Amino acid sequence: MSNPSALLEETAAAAAESAGILGGAGERNADLPAWFREQQRAAWIEFQNLPLPTIKDQAWRFSNVKALDLAPFHLPNEKPTDAKRRELLERSAELEETSGRLIFADDRVLERDALADNWRAAGVIFQPLERAIIEHEDLFRRHFMTQPATLGSAKFAALHQAFVRSGTFLYVPRGIEIDLPLETFHWLGGENVAIFPHTLLVAEEFSKVTLVEHFRSADRNRAGFSCGVNDLVVGAGAKVTYICTQDWSDRALSIQINATTVARDASALNLHLALGGNYSRMESLSRLIGEGARSDMLAVSVGEGAQEFDARTLQDHASPHTYSDLLFKNALNDRARNTFGGLIRVEPHAHFTDAYQKVRNLLLSDDAEANSMPGLEILADNVKCSHGATSGQLDDDEMFYLLARGISKTVARQLLVGGFLNEVLSRLTNPVLVAKLEELIAGKFARRAR
Amino acid sequence: MVKETTALDIERNIGNFAYPETHTHDAGVGLTEKTIHYISDVKQDPDWVRKFRLNALRVFQGKPMPTHWASKDLEAIVFDNIRYYLSGGVQPKRNWEDVPDDVKRTFERLGIPEQERKFLAGVEAQFDSEAVYSNIKKAVGEQGVIFVGSADGLKNHPEIFRKWFGKVIPTGDNKFSALNSAVFSGGSFIYVPPGVKVKHPLQAYFRINAENFGQFERTLIIVDEGAELTYMEGCTAPKFNTATLHSAVVELVALKGAKIQYITVQNWSNNVFNLVTKRGLAHENAEVKWIDCNIGSRLTMKYPGVVMKGRKARGEVISIALAGDGQHQDTGAKMVHAADETTSNIISKSISIGTGRATYRGLVHVPKHLKNCKNNTECDALLISTNSRTDTYPAITVRGTGNAVQHEASVSQVSAEQIFYMQQRGLTKAQAMSLSVNGFVNDLVRQFPMEYSVELKRLIELEMEGSVG
């Protein structure tokens, strides 16, 4: 693989001249429709009016809010060079077989129209946001940014809306079951560049789809900022699997805001794999709005160095006979910090709810820190709810067993940590996806070993 | 459905009375520096106490209400409408015969004397803000145990009192600990000398008897090396029309190898704001155990804590909360591990009935470079009615390897099968529910001294009767 940093030098130099994002979006989206830009202007005002979070906000308790300094970040300005483009395209393949692929670098599409013909013929839409805004205005508008950001990042959701210009729009019509996963890549390129990746997935009744998104830095040594929103709208009886893998540079700041709405008899499975970033916050809201709805919320994080992962979740049961299950596992090495703040909320009248929430922290060093705030708010009865949080370390006996068989300490630790995290990955039924996620985790271990 | 009240040997309105107010010292309503000076003058506070109070008043005024995380109901407290000091003008009495008759009647209706006196080593009963009755059995006094009102403690035992007063819970800990520090009166001071194991529990009863009157008692208990003490505190209050405020501060110090067990049964009337700060400091090998039962009040916010400061210190909180119609029991525990090999245990069970809301709020903190610390937390909630509510908000911080922390919580309702089974055998639905709920908390209730556990079971039965049928 060639050295990507040299290719990006040019972009970085050009970008350094542009103003920071705190100066506003300016004429960034001059090519987009007026209604969209009007919303963006309103969002910018909202962003400016909302206060920055402080540690006193419950939603930011334990968070390193000092990491939220946005002043250094600016918009990417130049188009990537052909060489850079080729290089990133080459690096943008994780799954061997997909039904389609979209690749973005610094909020620009590198490759599009990658959807297989048969699905296009069936009415599936899988295209960059800026095209969907124009070509499918009604459909897009109906769902775009309609979910509230209630888990602390309302300000950043507003920032996202003020700046967003690209991302993925995926629409699956009624009854269509897409067998192979769709895949996207978002690359963060130049130094201190800010990107605003957006994903809007609308699965109509009885449809089925799997979307795998990869968020990465082109250069592991560059700082950057990603402020993303991904909204999933799961129609009655539909089945959506959404996987997000995040492997930013260790100097990146990222905030990812998810909202998933699950209608009657539908099911959604969210899996978030967090490997990179300096400070990475993930907010995930699952709203179960129809009877028989089910949501599985899964996450794995592997923290090293001074990395901080911050996850806030809400399992919102707004209808009776709904089911949700959350399982988050975090392995923490060096000075890594993890904060989990989760809430199960069972609304009045949402009787016969089953809701579960489990967070497990594995502390691998004396300076690692795990904060857990598993919460319950139950306003209905006839519910089955439980939550659990544990923090512990590797089992000495297991370690001894492996060492006694001649396995090196490093490998033994990797095996044990891998085993610990595997419980989450094995909730996926597709073995190809499990293998891919294991490979990404192994990649992080390998980087450490070097 | 016919209520089975008659089957129980207890009167539902037993706490529902009030006597004419005859207070000789009354600080009036509202809280200013004048109020503080008035209290200090009447109580003949030493100078350092007056300064302490004035400083606390500034801290209190500077702190916002904690409504960013706590119930908005706190906003219903109008500090300007509260009387911060009342006293019957009587000195604490040691002789039962000297206690005024109407006060005696109050206690008799509560069932304190006679049958319970023999169980108790001493009674420190608090009527409004001053202790009016104080009696320690001769045997306890001879062992060198000091059991007096806090005013008496700070005047006559300053060498012990001052050393620990405000050290476990600093004035600025929270808005209400600051309020208490400014206007405190009443409460107990106990010192148990090294090696003394107090056999019988010491006990104090608290009552509020003046409308709109906040009670701000301050308790400080120091148990010296290797000594042991059980302290019980229970309260009922007559019912009033306007809200009253109760904001106590309780500090416990368990020196090396000491054991303290602090038992509370809280049954304020349903218009009382009960905002209490309780914390224990456990030195090496010491043990602090809070057994806390909350049945009454409009809003209770109370999170008994233990700071485990010495190696192998232990902390425990056993919590039972019963939230009936219109009540919010916001209870929990704080466990701060500050030394190696410290262990803590939190067991919380709550029951929400009608529109009641029970909240568990917990904090477990294990800082870095500690070894072999353990915490176990279990929270179980039982929901009785369709509009009941329960919440759980734990916050757990663990740094480093070598510690084990686990938290589990569950929410459930009374099993329909159990109820059906019992009704098949001729029990009414109310009886069946009451049995089932008592079964839910039984393993915790058993940890209370006998007379308390009997009282608790009866209170649960009473609550259940009103909620079913």
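I looked up which residues of H10(A) are buried, and found Lys436(A), Leu437(A) and Ile441(A) among them. The model is a predicted one.

I then checked where these residues sit around the axis. They cover an arc of only 130°, which puts them on the same side of H10(A). The general rule I kept in mind is that an α-helix has 3.6 residues a turn, so residues three or four places apart point the same way.

Next I turned to the face of H10(A) that points away from the buried side. I listed its exposed residues as Pro431(A), Ala435(A), Glu439(A), Ala442(A), Ala446(A) and Ala449(A).

I asked what covers the buried residues of H10(A).

I checked the length of H10(A), which runs over residues 431–449. Its 19 residues at 1.5 Å each should span 27 Å, and the end C-alpha atoms are 26 Å apart, so the two agree.

I moved on to the contact between the chains. Chain A puts in 37 residues and chain B 33 residues. On the chain A side, the elements giving two or more residues are strands E18 (354–363), E19 (369–378) and E20 (384–392). E19(A) gives the most, with ten residues. I sorted the residues on this side into 14 nonpolar, 14 polar and nine charged.

Last, I followed E19(A) across to chain B. It runs antiparallel to strand E22 (residues 389–399) of chain B, and seven bridges join the two. I noted one pair: Ser372(A) has Ile396(B) as its bridge partner in E22(B).

How values were computed: Residues are numbered from 1 along each chain as its sequence is written. Chains are lettered from A and ligands numbered from 1 in the order in which they are written. This is a predicted model: local features need pLDDT of at least 70, side-chain atom pairs count only at pLDDT 80 or more; totals for chains, interfaces and linings use all residues. Two residues are in contact if their C-beta atoms, placed from the backbone, lie within 7 Å. Helices (H or I, at least four residues) and strands (E, at least two) are DSSP runs, numbered from the N terminus. Ala, Val, Leu, Ile, Met, Phe, Trp, Tyr, Cys and Pro count as nonpolar, Asp, Glu, Lys and Arg as charged, and the others, Gly among them, as polar. Two strands pair if DSSP finds at least two bridges between them. The expected span of a helix is 1.5 Å times one less than its number of residues. A residue is buried if 20 or more other C-beta atoms lie within 10 Å of its own, exposed if 12 or fewer, and partly exposed in between; C-beta atoms are placed from the backbone. The arc is that of the directions from the helix axis to the C-beta atoms.
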